[in-house]
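Please look through the sequence and the 3D structure shown here before reading the briefing.

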Amino acid sequence: MEPRPDFTIEQDWDAYSEEQHAIWRLLFERQQKLLVGRACREFLAGLDALGVAATGIPDFRRLGDILDKTTGWRIVAVPGLVPDDVFFGHLACRRFPSTCFIRRRDQLDYLQEPDVFHDICGHVPLLMNPVFADYLQAYGQGGLKALHLHHLQHLARLYWYTVEFGLIDTPEGLRIYGSGILSSAGESVYSLDDPRPRRIRFDLRRIMRTRYRIDDFQQTYFVIDDFAQLFEATRPDFTPVYRELEGLPDIPADALAPEDRVLGGCHKKIGPRQSAAQV
């Protein structure tokens, strides 16, 4: 199927095989059990409102109609990863680009390139939340500017540590909102329960300086207070921030910085906005 100039294609929902729907059901049912008490309430509410379920791979048109009425977003099908300018352009226009293919059974636990389960089950439910929906649009607008300013690496780290691998502090304890965690059985448990990774309070400049790994579970997670914090952090012009970062070294993915506010307790409830002792 030849993509259009904006890299979009037709989902061709009728072409999915029973085996592909069966893989979706397997992935969805596994995650549904794991995410109770782990995923943030906003994600679970979005999943329910969209009607995303174990019945099979959803039709993008049906989901898009619900999204459009709620937050003005739509889903556009793409053949895979798209160029950065195309990706940011879609987000800036409140269009979420989703792949159509689904992983094989031998790839259930790890797939480096995002598939339809990651994109639809991991990303799309939070687009039902108005604040997060505005944040992702603002991120797309910022991405187009970052490309022009040659600071894409710094902005990409913000996406990685929030949209893909973010945690949120709630009255019930730490919860997951990052799609890379929400669509991963192993990391859904590891990110909250394992004592090894660092869980650090959200800090925009710290995140933009921090490297990350794509071939393993994360060594550092950043924790937001709420989605409004994300949106407020993204609203200002990043040009002065980029200038500040030009003279600063990158921070390794597993390192601590002196100013880090590290949270303890893993999956347990933590105090309101408290700063835990340095480790």
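This is a predicted model: local features need pLDDT of at least 70, side-chain atom pairs count only at pLDDT 80 or more; totals for chains, interfaces and linings use all residues.

**Helix H1 and Trp24**

- The buried residues of H1 are His21, Ala22, Ile23, Trp24, Leu27, Phe28, Gln31 and Leu35, and they pack against helix H2 (41-50), helix H5 (116-123), helix H8 (179-182) and helix H9 (185-193).
- An α-helix has 3.6 residues a turn, so residues three or four places apart point the same way.
- Trp24 belongs to the largest nonpolar core, which has 80 residues, and it is listed with Leu158, Tyr177, Met208 and Phe227 as touching the most other members.
- When neighbours within four places in sequence are left aside, the contacts of Trp24 include Val52, Pro58, Ile102, Phe117 and Cys121.
- Just after H1, Gly37 takes a positive phi of about 80°.

**The four-stranded sheet**

- An open sheet with mixed pairing is formed by 4 strands in the order S4-S3-S6-S5.
- Strand S4 (173-176) and strand S5 (198-201) stand at the edges with a single partner strand each, so one side of each is left without a neighbour in the sheet.
- On average, and with direction ignored, neighbouring strands of this sheet are turned by 35° against each other.

**Strand S3 and its partners**

- Strand S3 (residues 167-170) runs parallel to strand S6 (residues 220-224), and 2 bridges join them; Leu167 has Val223 as its bridge partner in S6, while Ile168 stands opposite Ile224.
- With S4, S3 pairs in the antiparallel sense over 4 bridges, Asp169 stands opposite Leu174, and a hairpin joins the two strands through 2 residues.
- In a regular strand the side chains alternate between the two faces of the sheet.
- In S3 both faces are covered, with Leu167 and Asp169 buried on one side and Ile168 and Thr170 buried on the other.

**Asn129 in a loop**

- Asn129 is found in the loop between H5 and helix H6 (130-149), and it counts as buried because its relative accessible area of 17% is under the 20% cut-off.
- A polar atom of the Asn129 side chain lies 3.2 Å from the backbone nitrogen of Val131.
- Leaving aside neighbours within four places in sequence, Asn129 is in contact with Glu42, Thr71 and Phe227.

Notes:
Residues are numbered from 1 along each chain as its sequence is written. Side-chain values use heavy atoms; hydrogens and water are left out. Buried means under 20% relative accessible area, exposed over 50%, partly exposed in between (1.4 Å probe, protein chains only). Contact means heavy atoms within 4.5 Å. A nonpolar core is a set of buried Ala, Val, Leu, Ile, Met, Phe, Trp, Tyr and Cys residues joined through side-chain atoms within 4.5 Å. Two strands pair if DSSP finds at least two bridges between them. Axes are lines fitted to C-alpha atoms, for helices over the stretch in contact, and angles run from 0 to 180 degrees between N-to-C directions. A polar contact is a pair of N or O atoms within 3.5 Å; within protein, one must be able to donate a hydrogen and the other to accept it, and residues adjacent in sequence count only if both atoms are side-chain atoms.
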